[in-house]
Amino acid sequence: MDPFRVLLHSVSADLSSGELTELKFLCQGLVGKRKLERVQRGHELFEVLLEQKDLEAEHTGLLRDLLASLRRHDLLQRLDDFEAGAAAGAAQEEADLHAAFSIICDNVGKDWRRLARHLGVSDAKIDGIEERYPRNLAERVRESLRVWKSSEREKATVAGLVEALRACRMNLVADLVDEEQLARRLQNGSDAVSPMQWDSDAHTSEAP
């Protein structure tokens with residue numbers, strides 16, 4: 001299940017019937033009367049808000065306001081923890097995309113238009129990129145990737161890039177991106193456990 005929905009279900013499970021009634025009252029200006037009457041549980045109310053785009057994983061202000069109105073500081077802390085984890089994940093994905101961009105810029109070459117089109121970049125934008133960088137092929141590639149990332153926003157992933165590369169029969173470049181991502185994951189895992197490893201090594205060296 002989507003992590004944000006997991007959070008919403010956990011919040012719902014910890015709401016009393018009185019708190020649910022209060023939330024429904026607070027949402028009267030957002031949700032129609034008939035929909036509110038059908039809501040029997042917190043997660044049902046949250047689903048309505050999700051469908052209406054009033055509530056999203058990237059925009060949790062409404063949820064924060066509702067929980068603050070209930071004075072449920074424990075649930076606000078749960079929301080804080082979710083947002084902290086989401087921010088860390090977003091930062092890692094951004095770093096991964098940056099690394100993938102560098103590999104693609106160095107290796108795609110003159111076939112960059114085909115990749116750009118497959119990623120959904122319009123011909124008009126491709127022409128504009130060519131005019132802006134007439135003598136810098138690598139910068140043309142990078143700008144086309146920036147346009148794709150800007151349009152896709154949170155849906156822009158390394159996996160999506162690799163899929164597009166393979167669809168364009170740029171398997172060598174896709175392999176290079178995959179290898180780099182694997183190396184980064186291994187490095188991140190090593191960094192995460194290294195303090196424990198150092199501690200273990202220290203105890204071993206001290207043993208008689």
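The structure described here is a predicted model, in which local features need pLDDT of at least 70 and side-chain atom pairs count only at pLDDT 80 or more, while totals for chains, interfaces and linings use all residues. Residues are numbered from 1 along each chain as its sequence is written, and side-chain values use heavy atoms, with hydrogens and water left out.

Serine 12 belongs to helix α1, which covers residues 3-13; helices here are DSSP runs of H or I with at least four residues, numbered from the N terminus. A polar atom of the serine 12 side chain lies 3.3 Å from the backbone nitrogen of glycine 42, and the side chain of serine 12 also reaches the backbone nitrogen of histidine 43, at 2.8 Å. With neighbours within four places in sequence left aside, serine 12 is in contact (heavy atoms within 4.5 Å) with Arg41, Gly42, His43 and Phe46. Serine 12 counts as buried because its relative accessibility is 11%, where buried means under 20% relative accessible area, exposed means over 50%, and partly exposed lies in between, with a 1.4 Å probe and protein chains only.

In helix α10, which spans residues 158-167, the residues Val158, Leu161, Val162, Ala164 and Leu165 are buried. Seen down the axis of α10, these buried residues fall within an arc of 160°, and therefore they line one face of the helix; the arc is that of the directions from the helix axis to the C-beta atoms. Ala159 and Glu163, on the other side of α10, are exposed. Arginine 169, which follows α10, has a positive phi, near 60°.

Val158 is also one of the residues touched by glutamine 181, together with Asp96, Ala99 and Ala100, when residues up to four places away in sequence are not counted. Glutamine 181 itself is found in helix α11, residues 171-206, and at 6% relative accessibility it counts as buried.

## Salt bridges

A salt bridge is taken as a side-chain nitrogen of Lys or Arg within 4 Å of a carboxyl oxygen of Asp or Glu, and by this rule the count comes to 14 salt bridges. One of them joins glutamate 47 and arginine 5, whose closest N and O atoms are 3.0 Å apart. This pair links distant parts of the chain, since glutamate 47 is in helix α4 (residues 42-51) and arginine 5 is in helix α1, 42 residues apart. Glutamate 47 is partly exposed at 25% relative accessibility, and arginine 5 is partly exposed with a relative accessible area of 31%.

Another salt bridge brings together the side chains of arginine 146 and glutamate 143, at 2.7 Å from N to O. Because they are three residues apart in helix α9 (residues 137-152), arginine 146 and glutamate 143 are separated by about one helical turn. Salt bridges that share partners join Arg132, Glu139, Glu143 and Arg146 into one network. Arginine 146 is partly exposed, with a relative accessible area of 36%, whereas glutamate 143, at 13% relative accessibility, counts as buried.

## Valine 141 in helix α9

Helix α9 also holds valine 141, which is buried with a relative accessible area of 1%. Its contacts, with neighbours within four places in sequence left aside, are Ile104, Cys105, Gly109 and Trp112. The C-alpha atoms of valine 141 and arginine 113 are separated by 8.2 Å, although these residues are 28 residues apart along the chain.

## Aromatic pairs

Rings of Phe, Tyr and Trp (its six-membered ring) pair if their centres lie within 6.5 Å, with planes under 30 degrees apart counted as stacked, over 60 as edge-to-face and the rest as tilted. By this rule there are two aromatic pairs. Phenylalanine 4 and phenylalanine 82 form a tilted pair, 5.4 Å from centre to centre and with 40° between the planes. This pair links distant parts of the chain, with phenylalanine 4 in helix α1 and phenylalanine 82 in helix α6 (residues 73-107), 78 residues apart. Both phenylalanine 4 and phenylalanine 82 are buried.

The rings of phenylalanine 101 and tryptophan 148 have centres 6.5 Å apart and planes at 55°, so this pair is tilted. Phenylalanine 101 in helix α6 and tryptophan 148 in helix α9 are 47 residues apart, and their pair links distant parts of the chain. Phenylalanine 101 is buried, as is tryptophan 148.

Definitions and conventions: Helix = DSSP H or I, 4+ residues; strand = E, 2+ residues; numbered from the N terminus. Polar contact = N/O pair within 3.5 Å; in protein donor to acceptor, adjacent residues only side chain to side chain.
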